[in-house]
Amino acid sequence: MILTKQHRCIHSSSCVCTKGHLSEDVIFLVFNHLKWNPKLIAAVSCACKWFDDLAKRVLWKEFCKTRAPKMMLDLQSSGSHSADGNWTALGKLLIYCSGCRKDGLFNGIHIPGHFVYRTRFSRTSGKSFLLPQCRTDVLYVSDPCEHLDQGDEGDVGFFRGLFKSFATSKVRKTLIKRNAPLHPTEVCPYCKAKLWNMLAGKMIPSSASCRLGAYDDCIEYYVCLNGHVLGICTLLPLSDTDEASEE
């Protein structure tokens, strides 16, 4: 059943929760049994404002902790009670490749966004996306989501990531110092915050293309005010050895 989202719980005769809600403890146990299924969390958040608030505070948080436990433990080790942005945004970042529109962030190409079953995020890989003077920052970056044979664009890869404590990071301070531009119209697909252009700020080291297996001059990425990262690259073709191994 598709639920139409209500922006406020009015408890009218047509309200799905007119007879009162189950306790949060009961709903917690139900979703724990369902292994924090993100589709079901998204569905229940559409029921009314109360369920939406519960999903934001509890359900998405538990989904993130279950999907990436070590990463979540590290992100919160600085003493913060929540990751930068919000749990809904972080949950979406873990399972959704944003793709791009033809007139969006990465001009000239249209690849629809889609959900991904599972993605590996690496703190070690994140170091390759930071300038030497910023490598004390902590950045988790995903493996590229491959979209092969995109015509003149070749093999395209999308990657995404998240900074730990971005508000106090050296990357943020350097972006401000260099007057890096914010995108005039586009916003983060995960939290709707404004986006810094890392390429325009000359903040992309050559090690990033090596880590991604991409051409040096065909990588671009943005970081939002909450520290979410999204980027695109053109992937190098597989070598004969790699092709033989895959076969």
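Which residues is Leu195 in contact with, leaving aside its neighbours within four places in sequence? In this predicted model, the residues that Leu195 touches beyond those neighbours are Leu105, Pro181, Leu182, His183, Glu186, Val187, Cys188, Tyr222, Val223, Cys224 and Leu230.

**The chain as a whole**
- The protein chain is built with 9 helices and 10 strands, and 45% of its 247 residues count as buried.
- Among the contacts that join residues at least 6 apart in sequence, 59% are between residues at least 24 apart.
- The protein chain has an accessible surface of about 13,800 Å², and carbon and sulfur atoms account for 53% of this surface.

**Leu195, a buried residue**
- Leu195 is found in strand 8, which covers residues 194-197.
- Because its relative accessible area is 0%, and buried means under 20%, Leu195 counts as buried.
- Thr185 stands 10 residues from Leu195 in sequence, and the distance in space between the two, taken from C-alpha to C-alpha, is 9.2 Å.

**Leu40 and the nonpolar patch**
- Leu40 belongs to helix 2, which is made up of residues 38-44.
- Leu40 has a relative accessibility of 38%, which lies between the limits of 20% for buried and 50% for exposed, and therefore it counts as partly exposed.
- Together with Leu22, Val26, Val30 and Leu34, Leu40 forms a nonpolar patch on the surface, and the accessible area of these residues together is about 390 Å².

Key. Residues are numbered from 1 along each chain as its sequence is written. This is a predicted model: local features need pLDDT of at least 70, side-chain atom pairs count only at pLDDT 80 or more; totals for chains, interfaces and linings use all residues. Side-chain values use heavy atoms; hydrogens and water are left out. Patches are made of residues with over 30% relative accessible area and no salt bridge: like charges are joined within 9 Å, nonpolar side chains (Val, Leu, Ile, Met, Phe, Trp, Tyr) within 5 Å. Accessible areas come from the Shrake-Rupley method with a 1.4 Å probe; for residues, only the protein chains shown count as cover. A salt bridge is a side-chain nitrogen of Lys or Arg within 4 Å of a carboxyl oxygen of Asp or Glu. Helices (H or I, at least four residues) and strands (E, at least two) are DSSP runs, numbered from the N terminus. Buried means under 20% relative accessible area, exposed over 50%, partly exposed in between (1.4 Å probe, protein chains only). Contact means heavy atoms within 4.5 Å.
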